[in-house]
Amino acid sequence: MAKYFLIESQSPLDYPEVNNNYNLASDLANAGNDVTLFLIENGVLASRSAVASQGLTNLEKVKLLVDKFSLDERGIDTTELGAKIEVSTVASIVDAMGEGQKMMWL
């Protein structure tokens with residue numbers, strides 16, 4: 001089982017192809033891999049429960065992290081986040097690299 005750390009910086013509201021990236025995360029997890037999807041920059045816009053992307057809600061086996069700084073810069077309060085989404089920092093990217101996880105900036 002491999003460990004993957006995927007980073008998404010675009011919003012599916014602006015770039016519909018982001019949903020393909022969500023599907024990649026799901027496929028990797030369904031294949032038995034340990035997958036984390038880190039939302040950063042405009043990628044955090046999909047994390048709000050009011051506008052949660054259908055793709056995000058279907059990622060049952062994927063660990064979902066959202067960048068605190070990106071949330072703050074966009075005026076999104078942590079109480080607005082969808083279920084299963086954890087607040088994190090870019091330090092989690094460094095930690096994943098240090099652990100030897102396979103990194104992909106989508």
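Predicted model: local features only at pLDDT ≥ 70, side-chain atom pairs only at ≥ 80, totals over all residues.
Me: What is the strand order of the open sheet?
Reply: The order is β4-β3-β2-β1-β5, giving an open sheet of 5 strands with parallel pairing. The edge strands are β4 and β5 (102-105), each of which pairs on one side only. From one strand to the next, the twist averages 25°.

Me: Which helix packs on the sheet and touches β1, β2 and β5?
Reply: That is helix α1, residues 18-30, whose direction makes about 170° with that of β1.

Me: And what does helix α4 lie across?
Reply: Helix α4 (residues 91-98) lies across β1, β2, β3, β4 and β5, and runs at about 150° to β1.

Me: Back to the strands. How many bridges join β1 to β5?
Reply: There are 4 bridges between β1 and β5, which run parallel.

Me: In what sense do β3 and β4 pair?
Reply: Strand β3 (residues 63-67) pairs with strand β4 (residues 85-88) in the parallel sense, over 4 bridges. L64 stands opposite I85 of β4.

Me: What unit do β3, helix α3 and β4 make?
Reply: They make a right-handed β-α-β unit, in which helix α3 spans residues 68-73.

Me: New topic: how many salt bridges does a search of the whole structure find?
Reply: The search finds 1 salt bridge. It is formed by K68 and D72, with the closest N and O atoms 2.9 Å apart.

Me: Where are K68 and D72 in helix α3?
Reply: They are separated by about one helical turn, because they are 4 residues apart in that helix. K68 has a relative accessible area of 34%, so it is partly exposed. D72 is likewise partly exposed, with a relative accessible area of 43%. In general, side chains of opposite charge can pair when their charged atoms come close.

Me: Is T36 buried or exposed?
Reply: T36 counts as buried because its relative accessibility is 9%, which falls under the 20% limit. T36 is placed in strand β2, residues 34-39. Apart from neighbours within four places in sequence, T36 is in contact with Y4, F5, L6, V62, K63 and L65.

Me: And K3, what does it touch?
Reply: Leaving out residues up to four places away in sequence, K3 touches D34, Q101 and K102. K3 is found in strand β1 (residues 3-8) and counts as partly exposed, at 41% relative accessibility.

Me: How far apart are K3 and V62?
Reply: They are 59 residues apart in sequence and 11 Å apart in space, C-alpha to C-alpha.

Definitions and conventions: Residues numbered from 1 in each chain as written. Heavy atoms only, no water. Helix = DSSP H or I, 4+ residues; strand = E, 2+ residues; numbered from the N terminus. Buried < 20%, exposed > 50% of the residue type's maximum accessible area, 1.4 Å probe, protein only. Contact = heavy atoms within 4.5 Å. Pairing = 2+ DSSP bridges. Right-handed = clockwise from strand over helix to strand, strands pointing away. Salt bridge = Lys/Arg side-chain N within 4 Å of Asp/Glu carboxyl O. Axes fitted to C-alpha atoms, helices over the stretch in contact; angles between N-to-C directions.
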